[in-house]
Amino acid sequence: MLTIATDIDALARFGRALADPIRCRILLTLRGAPAHPADLAEALGISRTRLSNHLACLRDCGLVVAVPVGRRVRYELADARLGHALDDLRSAVLAVETDKSCAETEEKGCC
């Protein structure tokens, strides 16, 4: 049971970040390797403006950091352990994907 406010806050920030599919795609891409925004936008097929907004959210959540490289900025996961956490979450979700325990799954797509 989590009782420390900072642990709860960290999990809430992580959940907020994962609540958007584009942010999930960004995190999974950065899990593979750090990347420059232009390369991320191209790889994800989204505009740089849209990517910038999502990167700002991920920075505010503390999940990614901007690293200056000369005159450019490269983004990477704030902590390498986040990559392992993403892998663990992906495998846990895959393990329960076919178990539709939520009664509103078909109607609302909640689970």
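Predicted model: local features only at pLDDT ≥ 70, side-chain atom pairs only at ≥ 80, totals over all residues.
I then turned to the largest nonpolar core, which has 21 residues. Leu 27 is listed among those with the most contacts inside it, together with Ile 26, Leu 30, Leu 51, Leu 58, Leu 63 and Val 64. I noted the elements that give two or more residues to this core: helix 1 (5–18), helix 2, helix 3 (37–44), helix 4 (48–60), strand 2 (72–77) and helix 5 (81–96). Helix 2 gives the most, with four residues. In soluble globular proteins, nonpolar side chains tend to be buried together.

I next examined Arg 23, which lies in helix 2 (residues 21–32). Arg 23 is buried yet has no salt bridge. The nearest side chain of opposite charge, that of Asp 20, is 4.3 Å away, and the cut-off for a salt bridge is 4 Å. I asked which side chain makes a polar contact with that of Arg 23. I found His 54, at 3.4 Å. I also recorded that a polar atom of the Arg 23 side chain lies 3.2 Å from the backbone oxygen of Ala 17. Beyond its neighbours within four places in sequence, Arg 23 is in contact with Arg 16, Ala 17, His 54, Cys 57 and Leu 58.

I searched for disulfides and found zero. For Cys 61, the nearest cysteine sulfur is that of Cys 57, 4.2 Å away. Cys 61 counts as buried, at 6% relative accessibility, whereas Cys 24 is partly exposed, with a relative accessible area of 22%.

Note on methods. Residues numbered from 1 in each chain as written. Heavy atoms only, no water. Buried < 20%, exposed > 50% of the residue type's maximum accessible area, 1.4 Å probe, protein only. Lys, Arg positive; Asp, Glu negative; His and termini not counted. Polar contact = N/O pair within 3.5 Å; in protein donor to acceptor, adjacent residues only side chain to side chain. Contact = heavy atoms within 4.5 Å. Disulfide = S-S within 2.5 Å. Core = buried A, V, L, I, M, F, W, Y, C linked by side-chain atoms within 4.5 Å.
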